[in-house]
Amino acid sequence: MPHSPAPREGNLPALVAQPLIRLDAYVAEDGSTVVNGHLLDMGGTRPANEAILDAVAMFARTVGAPVAATVIDRTEQQVARVRVYPDGSSRTIADEDDLPPGLERTAAEEAAFPPLARVERIIQHAQREELHAAFVLASALREHLTLRRGAKDELALEARSIEAYLAYLRGDYSLSVTLALAVARIRCRTDLGRAAPDVARATAAWQRLLDDRQVTTRGQELLHMWERLSEQGLLEPSHQAMAQAVRSRLEHGGWSLPGAPGHTPALTAAQGPLTAEDKPLKPTRRGLRRFTRRPGRSGGPAT
């Protein structure tokens, strides 16, 4: 297959076939950086963009061909599409210059490191109690699957469930319930018959919350979900007990329940956003300096 030539002067798009060797990268809000399912050693204060470009350039030299990479950067709230060449040079490209969204692009992006292989790596980190690494890798997987396949995709939902569980293990119950509720909302919208286990996982995290406001808002939404499932006859005895535990905690805490005087309606299972992390990312402009290098560069952006 023909590949794009080296970057041209002016950083203009190349009018030839796009490379189908595709990697992905992710920068978490704390600066933790992942390339193709591997957490990078940042070497102290090493900038994330340099670490990503070095890693992708090494792969391009290994295969002797340009490599495409999609970078989700939560520190900048941006998504960039980058083409990196064996000589270490790189340029960002606009989405319309890349492969169009669809099965071909998704398959090419997942061929280098399939999602299930990434899940196995996440589990290995968790088993070694390397919970930070496991959580960051799960976040990266969920972000890229959501970008490629959509939030309702089965693999994206499973990745979000794993991320929620790891947040629970790390003691971040607020984030855990946020992520678990996002999965439960989608299940309630698309597949109510499979929603109860997801609502149960969200309830388990909610029971650890201490903040009154979160207990109230999240509890009301959970109670609405349990009641909807009960109306459809979809609750097992263990789930009925969890639903009652939610109601009892709200009652004993003095928080208003659905239908009670003064109750402020909570989000229902068919309303509201997913999570704060799902807000749209800004596409980068072609030629963004952070991900642009001249030929022969291997330590920073173009000057």
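Guide: Contact here means heavy atoms within 4.5 Å. This is a predicted model, where local features need pLDDT of at least 70, side-chain atom pairs count only at pLDDT 80 or more, and totals for chains, interfaces and linings use all residues. Residues are numbered from 1 along each chain as its sequence is written, and side-chain values use heavy atoms, with hydrogens and water left out.

Visitor: Which residues does Arg 22 touch?

Guide: Setting aside residues up to four places away in sequence, Arg 22 touches Ala 68, Thr 70, Arg 81, Asp 98, Leu 99, Arg 105, Ala 108, Glu 109 and Ala 112. Arg 22 sits in strand β1 (residues 22–27). Strands (E, at least two residues) and helices (H or I, at least four) are DSSP runs, numbered from the N terminus.

Visitor: Why does Arg 22 count as buried?

Guide: Buried means under 20% relative accessible area, exposed over 50%, partly exposed in between (1.4 Å probe, protein chains only). Arg 22 has 2% relative accessibility, so Arg 22 counts as buried.

Visitor: Why does Met 225 count as buried?

Guide: Met 225 has 0% relative accessibility, so Met 225 counts as buried. Met 225 lies in helix α8. Its C-alpha atom is 8.4 Å from that of Ala 184, 41 residues apart along the chain.

Visitor: Why are α7 and α8 called roughly antiparallel?

Guide: The axes of α7 (residues 196–206) and α8 (residues 212–231) come within 10 Å and cross at roughly 155°. Axes are lines fitted to C-alpha atoms, for helices over the stretch in contact, and angles run from 0 to 180 degrees between N-to-C directions. Angles over 145 degrees count as roughly antiparallel, under 35 as roughly parallel, 65 to 115 as roughly perpendicular and the rest as oblique. Therefore α7 and α8 are roughly antiparallel to each other.

Visitor: Which residues make the contact of α7 with α8?

Guide: Among them are Val 199, Thr 203 and Trp 206 of α7, and Leu 222, Met 225 and Trp 226 of α8.

Visitor: What does Trp 226 touch?

Guide: Beyond neighbours within four places in sequence, Trp 226 is in contact with residues including Ala 196, Leu 235, His 239 and Val 246.

Visitor: What makes a nonpolar core?

Guide: A nonpolar core is a set of buried Ala, Val, Leu, Ile, Met, Phe, Trp, Tyr and Cys residues joined through side-chain atoms within 4.5 Å. The largest one has 47 residues, and Trp 206, Trp 226 and Leu 229 touch the most other members. Helix α4 (131–149) gives the largest share, eight residues. A second, separate core of 19 residues includes Val 27 and Phe 291.
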